[in-house]
Amino acid sequence: MAEPDNRITSREQAANLALSHLREGEIASYDGDQTQRAREVRKWFPTTRDALMRKKHWNFCKSYVVPARDPVDAGGPLKKRYPLPPDCLMVRSVDGLENDEWEVATAIIENNGTDVEASVLLTNADAPNVEYTRRVVNVALWDAEFVVAFARALAGNMAPAFGKTF
């Protein structure tokens, strides 16, 4: 008989796993539940997720992009600006470049006729192939090891609100 697949596939399930570490009751809905538990989950969930995705080179978060060059040059020694995707949490490497041949900065760029603040890759290279850690919000795509680490980290961040240590 096949074992049922009970993987964590939703924000509610991930949050409830963290709450179980604290011996707190479950939430019914990430967005709709108005309990203190749900408010703490909503407060800490995105920050905990992003921090943990940045911390380790998780395979499920790995992505590549060759960004389009921004027409405005940077002021420092690395002149070419390449706006990074909004889901970019961290640049891991740039193919063919050493770490001192690129850096990430924040700049004002034009996006559809509007000036916006964005993360940009600065380099003197043409058409850089960027490996980066991508924000993955779909819990169903998270690696099982990440789910376990996330639940523990989320529980640790929420614990003081419940008068607990974790």
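Author: Start with helix 1, where Ala 14, Ala 15, Asn 16, Ala 18 and Leu 19 are buried. This is a predicted model, in which local features need pLDDT of at least 70 and side-chain atom pairs count only at pLDDT 80 or more, while totals for chains, interfaces and linings use all residues. Residues are numbered from 1 along each chain as its sequence is written, and side-chain values use heavy atoms, with hydrogens and water left out.

Reader: What covers the buried residues of helix 1?

Author: The cover includes helix 2 and helix 3. Just after helix 1, Arg 23 takes a positive phi of about 60°.

Reader: What makes a stretch a helix or a strand?

Author: Both are DSSP runs, numbered from the N terminus: helices are H or I with at least four residues, strands are E with at least two. The chain has three helices and six strands. Their order from the N terminus is α-α-β-β-β-β-β-β-α.

Reader: Why is Ser 63 called buried?

Author: Buried means under 20% relative accessible area, exposed means over 50%, and partly exposed is in between (1.4 Å probe, protein chains only). Ser 63 has 17% relative accessibility, so it counts as buried. Ser 63 sits in strand 1 (residues 62-65).

Reader: Which residues is Ser 63 in contact with, leaving aside its neighbours within four places in sequence?

Author: Contact means heavy atoms within 4.5 Å. With those neighbours left aside, Ser 63 is in contact with Val 130, Glu 131, Tyr 132 and Arg 134.

Reader: Is Lys 80 buried or exposed?

Author: The relative accessible area of Lys 80 is 15%, so Lys 80 is buried. Lys 80 lies in strand 2 (residues 80-83). Beyond its neighbours within four places in sequence, its contacts include Arg 69, Leu 121 and Asp 126. Trp 102 is 22 residues from Lys 80 in sequence and 9.7 Å away in space, C-alpha to C-alpha.

Reader: Why does Lys 56 count as partly exposed?

Author: Its relative accessibility is 38%, and therefore Lys 56 counts as partly exposed. Lys 56 is in the loop between helix 2 and strand 1. Leaving aside its neighbours within four places in sequence, Lys 56 is in contact with Arg 92 and Glu 145. Phe 146 is 90 residues from Lys 56 along the chain, yet their C-alpha atoms are separated by 9.6 Å.

Reader: What makes a set of residues a nonpolar core?

Author: The members are buried Ala, Val, Leu, Ile, Met, Phe, Trp, Tyr and Cys residues, joined through side-chain atoms within 4.5 Å. The largest such core has 28 residues, and those with the most contacts inside it are Phe 45 and Trp 142. Helix 1 (11-21), helix 2 (36-55) and helix 3 (144-158) are the elements that give two or more residues to this core. Helix 3 gives the largest share, seven residues. Apart from this core lies another, of 10 residues, including Val 65 and Trp 102.

Reader: How does the radius of gyration of the chain stand against that of a compact globule?

Author: The radius is taken over C-alpha atoms, and the globule rule is 2.2 Å times the number of residues to the power 0.38. A compact globule of 166 residues would come near 15 Å, but the chain has 20 Å. The C-alpha atoms fill a box of roughly 55 × 40 × 30 Å, taken along the principal axes.
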